[in-house]
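Dear colleague,

Please find the structure below, with its sequence. My notes on it follow.

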Amino acid sequence: MRAITYTQPGGPEVLELVDRPVPEPGPGEVRVRLAFSGVNPTDWKSRTRARPGPDGQVPNQDGAGTVDAVGQGVDPVLVGERVWVWEAAWQRPHGTAAEYTVVPARQAVLLGAAPSFELGAALGIPFLTAHRCLTLGETVPDRLGPGSLTGRTVLVQGGAGAVGNAAIQLARWADATVITTVSSPQKAQLAAAAGADHVVDYRQQDVVAEVRKIAPRGVDVIAEVNPAVNAAVDAQVLAQHGAVALYADDAGDEVTIPVRAQMVQNARWQFVLVYTEPERAKALGVEDVNAAVLDGAVRVGGEAGLPLHVYPLAETAVAHQAVQEGAVGKVLVDVTG
Ligand SMILES: NC(=O)c1ccc[n+]([C@@H]2O[C@H](COP(=O)([O-])OP(=O)(O)OC[C@H]3O[C@@H](n4cnc5c(N)ncnc54)[C@H](OP(=O)(O)O)[C@@H]3O)[C@@H](O)[C@H]2O)c1
């Protein structure tokens, strides 16, 4: 099969298009003939740090395609089913930048007939992270679904980002009031298209004042993409018993939180890494994200605030570079292209 691999850590230039054997599914695994591979920041970051085995690492966690074989103990009825795949490359060599991957059966989720493979490949990392952020608070349920966030207000910092877009879409599906921040009028349009009720331009407006106008008692949950910069704002807009979900460190690894003010609020500041979140939270996330998809609540493309940028398999390195440079929207690799 055609696959992208790397055998040493480094820049995009370490990614090579190679021919390698189609992997066989082991016990409890399924093999998926991939259509699209989703690219996330974690994929290029892993590429710079990983120490692959001698056979090389196929990059990319997310993907979508069709089950074409099952291992021992897996119901063969799955063969032919359209699926989305999550965390294919987490501590495994079989990422999704290849014609085939093998994953434990629970990591291939039935997509149904209607949703596109592009949508399926956009789900894993961003939507599971967004689900975790929206459900880890004390005043919100651990499940998302229609009505689960009725009466709750969510602040999504960075609503034009991939995780931000997912958080907006899921929070709207759950009937929250969604406030989001962006850095430009173009990004404001994307965040509104995703479904945000209120969009605040953090370069032009006073975020604390704007959020307090919309939510005088504060917001219940904050999905925070840039804690090093935004922690002081978050602390000023969080409601009593609210939660700040911190999921990124691009602008710095240190956070300053006003202890007494947040103590008085009984606030929760919780770190999120999708790979190591508790098993139960992950399982609920997969179920709820899939329910949102089957409900027609998840969309991709410009009209959903998530423009698609599609590269052929041979240009996976360019796709990685695009994500590293902050492409706005969703970067995908067409594995068949
Ligand atoms: N912990 C986890 O499990 C997990 C999971 C997924 C992703 N991540 C990490 O999360 C980060 C974002 O991932 P992504 O795929 O969503 O990337 P992305 O699509 O590039 O989105 C990042 C967004 O953050 C916005 N942003 C940056 N600084 C901001 C600020 N001070 N206030 C508000 N918005 C701000 C950016 O826009 P502007 O700069 O124009 O504002 C951009 O829209 C990456 O570092 C990624 O590695 C972590």
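Which residues of H3 are buried? They are Gly124, Ile125, Pro126, Phe127, Leu128, Thr129, Ala130, His131, Arg132, Cys133, Leu134 and Thr135, where buried means under 20% relative accessible area (1.4 Å probe, protein chains only). Helices (H or I, at least four residues) and strands (E, at least two) are DSSP runs, numbered from the N terminus.

This is a predicted model, in which local features need pLDDT of at least 70, side-chain atom pairs count only at pLDDT 80 or more, and totals for chains, interfaces and linings use all residues. Residues are numbered from 1 along each chain as its sequence is written, and side-chain values use heavy atoms, with hydrogens and water left out.

Because twelve of the twelve residues of H3 are buried, this helix is largely enclosed by the rest of the structure.

Strand E9 (residues 177-182) is mostly covered, five of its six residues being buried. E9 pairs in the parallel sense with strand E8 (residues 153-157) over five bridges, and with E10 over four bridges; pairing requires at least two DSSP bridges between two strands. Val156 stands opposite Thr180 in E9, and Ile179 opposite His198 in E10.

Asp201 lies in strand E10 (residues 198-201). Asp201 is buried yet has no salt bridge, that is, a side-chain nitrogen of Lys or Arg within 4 Å of a carboxyl oxygen of Asp or Glu. The nearest side chain of opposite charge (Lys and Arg count as positive, Asp and Glu as negative; His and the chain ends are not counted) is that of Arg203, 5.8 Å away.

Yours sincerely

Terms used. Buried means under 20% relative accessible area, exposed over 50%, partly exposed in between (1.4 Å probe, protein chains only).
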